[in-house]
Amino acid sequence: MQNDFAGMDELYRDFILDHYRNPRNAGTLEKPDATFEDNNPMCGDKIRMDVKLRDGVVEDIKFRGRGCAISQASASLLTEAVKGKSLREIAAVGKEQVLENLGIPISAARLKCALLGLKVLKTALAVTKPSEDL
Ligand code: ZN
């Protein structure tokens, strides 16, 4: 993990580590409307997301995972970002926004870590709403 943070601004490092150690919306939902789990074999990251929808809006979202700080912090940030958002708004969330949420430069090797949460979320929602253009 030392290398991940080499040369990184201390403020951002603390920000990422805080999300890693105290993930927001951690856990699972009792009866999720959408759920998916995937992993990143390159790094050993694993993330599961449970989503509760109401009228096409994310009413609640929980995630559970393990792996590197980047993958877990990214998922934590993503759950915060999409809570209360409509499926249409979430469909518009791309790689750029995830990287912007993290606020640090992500190396090519770490891109899969950073984007695992988004992939899991979009896959979960695509299963529930196949007609939506996710
Ligand atoms: Zn990773």
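Okay, so first, how far can we trust what we're looking at? It's a predicted model, with a mean pLDDT of 90 for the protein, and 88% of the residues reach 70 or more. There's one stretch to watch, though: over residues 127-134 the pLDDT stays under 50. The model does have 13 contacts for that stretch beyond four places in sequence.

Now, C43. You'll find C43 in the loop between β1, which is 34-40, and β2, which is 45-54. Leaving out residues up to four places away in sequence, C43 touches G67, C68, S71, K112 and C113. Take C113 from that list: C43 and C113 sit 70 residues apart in sequence, yet C-alpha to C-alpha they're 7.3 Å apart in space.

On to the helices, α2 at residues 69-82 and α4 at residues 95-102. Their axes come within 9 Å and cross at roughly 110°, so α2 is roughly perpendicular to α4. Who meets whom there? From α2 we've got A73, S74, L77, L78 and A81, and on the α4 side V98, N101 and L102. By class, that contact has 6 nonpolar and 2 polar residues, with no charged ones.

That's what I had, so over to you.

Methods: Residues are numbered from 1 along each chain as its sequence is written. This is a predicted model: local features need pLDDT of at least 70, side-chain atom pairs count only at pLDDT 80 or more; totals for chains, interfaces and linings use all residues. Helices (H or I, at least four residues) and strands (E, at least two) are DSSP runs, numbered from the N terminus. Two residues are in contact if their C-beta atoms, placed from the backbone, lie within 7 Å. Axes are lines fitted to C-alpha atoms, for helices over the stretch in contact, and angles run from 0 to 180 degrees between N-to-C directions. Angles under 35 degrees count as roughly parallel, over 145 as roughly antiparallel, 65 to 115 as roughly perpendicular and the rest as oblique. Ala, Val, Leu, Ile, Met, Phe, Trp, Tyr, Cys and Pro count as nonpolar, Asp, Glu, Lys and Arg as charged, and the others, Gly among them, as polar. pLDDT is the predictor's confidence in each residue, from 0 to 100.
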